[in-house]
Amino acid sequence: VFSYALVYNSDMNTTTAKKLGEVLAFATVGNETIESHEALFRENLGIEMTAHIIEMNDIHAKNITHLADEAGTKEDVLHSKEAVADKLRAMRDIYIGEEKSRDTLFEWLTFSEGAAYGHWSLVKGMAEAQDDLSEQADESLLELAEDATSFHFELLNHIARELEEEGQDTH
């Protein structure tokens, strides 16, 4: 379990709050997707990996929410989260639909995990350039962003390997 010393001042800019809301949406919808397709996840990724994904999404969400509370930007973060989560849910539901297959699920995950990785990379860059937070807060936000980019990148690569193996099994 990761712990971040989140000591933020109240000057977090709106852009940072918005982007944190966006990555919070990926964690939220990621776990909702697992909950609604739990058997498929467990069957294809295993119980341990499925639990690890849920845990990491929960850790990131908890730290983002704490950051927003401390910075006094919770309303902005949650507004952004809901707007993006609604879009992600709609895209997921259109893509996966009623089909409960391994390849459809994994194809969706390459999209969502790739996008999560991209959004977290942006947050990482913002954390590296922050000048509106305390030095300790800059380091904590950067540590969180580094952890999240690493997690989503590794998960994306794992899913891509699974899809490659699936493609090899079709011949």
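I'll start with helix α4, where the buried residues are Val77, Ser80, Lys81, Val84, Ala85, Leu88, Arg89, Arg92 and Ile96. Keep in mind throughout that this is a predicted model. On the spacing in that list: an α-helix has 3.6 residues a turn, so residues three or four places apart point the same way. What do the buried residues of α4 pack against? Their partners are α1, residues 14-36, α3, residues 47-71, and α5.

Next, the length of α4, which covers residues 74-96. With 23 residues at 1.5 Å a residue, the helix should span 33 Å, and its end C-alpha atoms lie 31 Å apart, so the two figures agree. Just after α4 comes Gly97, with a positive phi of about 55 degrees.

Is Asn31 buried or exposed? Its relative accessible area is 8%, and the cut-off for buried is under 20%, so Asn31 counts as buried. Leaving aside residues up to four places away in sequence, Asn31 touches Ile53, Ile54, Asn57 and Asp58.

Last, a helix pair: α2, residues 38-45, and α5, residues 102-129. Their axes come within 11 Å and cross at roughly 90 degrees, so α2 and α5 are roughly perpendicular to each other. On the α2 side, the contact is made by Leu40, Phe41, Asn44 and Leu45. From α5 it takes in Arg102, Leu105, Phe106 and Leu109. By type, the residues of this contact are six nonpolar, one polar and one charged.

That's what I have; questions are welcome.

Methods:
Residues numbered from 1 in each chain as written. Predicted model: local features only at pLDDT ≥ 70, side-chain atom pairs only at ≥ 80, totals over all residues. Heavy atoms only, no water. Axes fitted to C-alpha atoms, helices over the stretch in contact; angles between N-to-C directions. Helix = DSSP H or I, 4+ residues; strand = E, 2+ residues; numbered from the N terminus. Parallel < 35°, antiparallel > 145°, perpendicular 65-115°, else oblique. Contact = heavy atoms within 4.5 Å. Nonpolar A, V, L, I, M, F, W, Y, C, P; charged D, E, K, R; others polar. Expected span 1.5 Å × (residues − 1). Buried < 20%, exposed > 50% of the residue type's maximum accessible area, 1.4 Å probe, protein only.
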